[in-house]
Amino acid sequence: MRVASLLVVLLVAAGCSLSDDSGATIDFAQLQRLVLQPGDVGPAFTRFDEGRQGGVDLPAGVPPGGEGWKARYRRPGTPATEGPLVIASLVNRFPSAEDADEQLEARRSDLEGSDIAWREEPATGLGEEAVAFTHEEGSGAARVGFAVVAWRRANITASIEVNGFAGNLGLEDALELARKQAARIDEAAS
């Protein structure tokens with residue numbers, strides 16, 4: 001009886017963690033620490049949404065019930081404000097690296113096939129693979145820029161989405177935040 005109970009506990013634990021070839025694991029409970037934290041974005045930002053992902057938060061490919069966490073931040077600004085005004089930090093856990101890879105590819109396809117004219121940009125040095133896209137809309141001083149960076153490490157996908165006034169927001173703003181989040185994920189997996 002004790003051996004059977006231990007086996008059940010081990011099987012459940014194996015289903016609730018991230019693993020890569022090194023044997024590192026990340027449990028679902030750790031996901032909340034793998035999104036950007038207030039100290040990562042600075043005191044000008046206010047966190048206005050944080051918690052388990054559900055419904056519209058979930059990217060394509062996440063199983064029902066969702067295995068993801070989110071943190072969203074905002075700050076006031078004018079067309080002269082440098083950098084992002086809104087930041088979304090997401091992390092999702094999948095049963096396997098293949099499932100995570102499929103989700104990342106679905107994300108790329110969604111952006112490429114969108115009615116919005118997203119431009120694919122280079123994204124290197126994040127996870128095992130990464131994608132990045134930018135877009136601008138509007139006109140004049142109110143023109144808004146958007147950037148999305150998404151990457152995969154083992155069976156985890158993560159993303160940073162930012163927006164702010166065009167001309168004062170670039171892909172590098174999103175990549176800088178993505179590197180901070182990727183460092184959190186790498187540390188948890190090691």
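Predicted model: local features only at pLDDT ≥ 70, side-chain atom pairs only at ≥ 80, totals over all residues.

Me: How many residues lie between the strands in the hairpin of β8 and β9?

Reply: There are 2 residues between the strands of this hairpin, and Ala154 takes a positive phi near 55 degrees there.

Me: Which other strand pairs with β9, and in which sense, parallel or antiparallel?

Reply: Strand β5, residues 86–93, pairs with β9 in the antiparallel sense, over 8 bridges. As one example, Arg93 has Ile156 in β9 as its bridge partner.

Me: Is β9 mostly covered or mostly open?

Reply: A residue is called buried when its relative accessible area is under 20%. By that cut-off, 8 of the 10 residues of β9 are buried, and the strand is mostly covered.

Me: How should I read helix α3, and which of its residues are buried?

Reply: Consider its length, then its sides. Helix α3 spans residues 97–112, and its 16 residues reach 22 Å from the first C-alpha to the last, close to the 22 Å expected at 1.5 Å a residue. Its buried residues are Ala100, Gln103, Leu104, Arg107, Arg108 and Leu111. These lie on the same side of α3 because they cover an arc of only 140 degrees around the axis. On the other side, Glu98 and Glu102 are exposed.

Me: What covers the buried residues of α3?

Reply: The cover includes β6 (119–121), β7 (129–137), β8 (144–153) and β9 (156–165).

Methods
Residues numbered from 1 in each chain as written. Heavy atoms only, no water. Helix = DSSP H or I, 4+ residues; strand = E, 2+ residues; numbered from the N terminus. Expected span 1.5 Å × (residues − 1). Buried < 20%, exposed > 50% of the residue type's maximum accessible area, 1.4 Å probe, protein only. Arc of directions from axis to C-beta. Contact = heavy atoms within 4.5 Å. Pairing = 2+ DSSP bridges.
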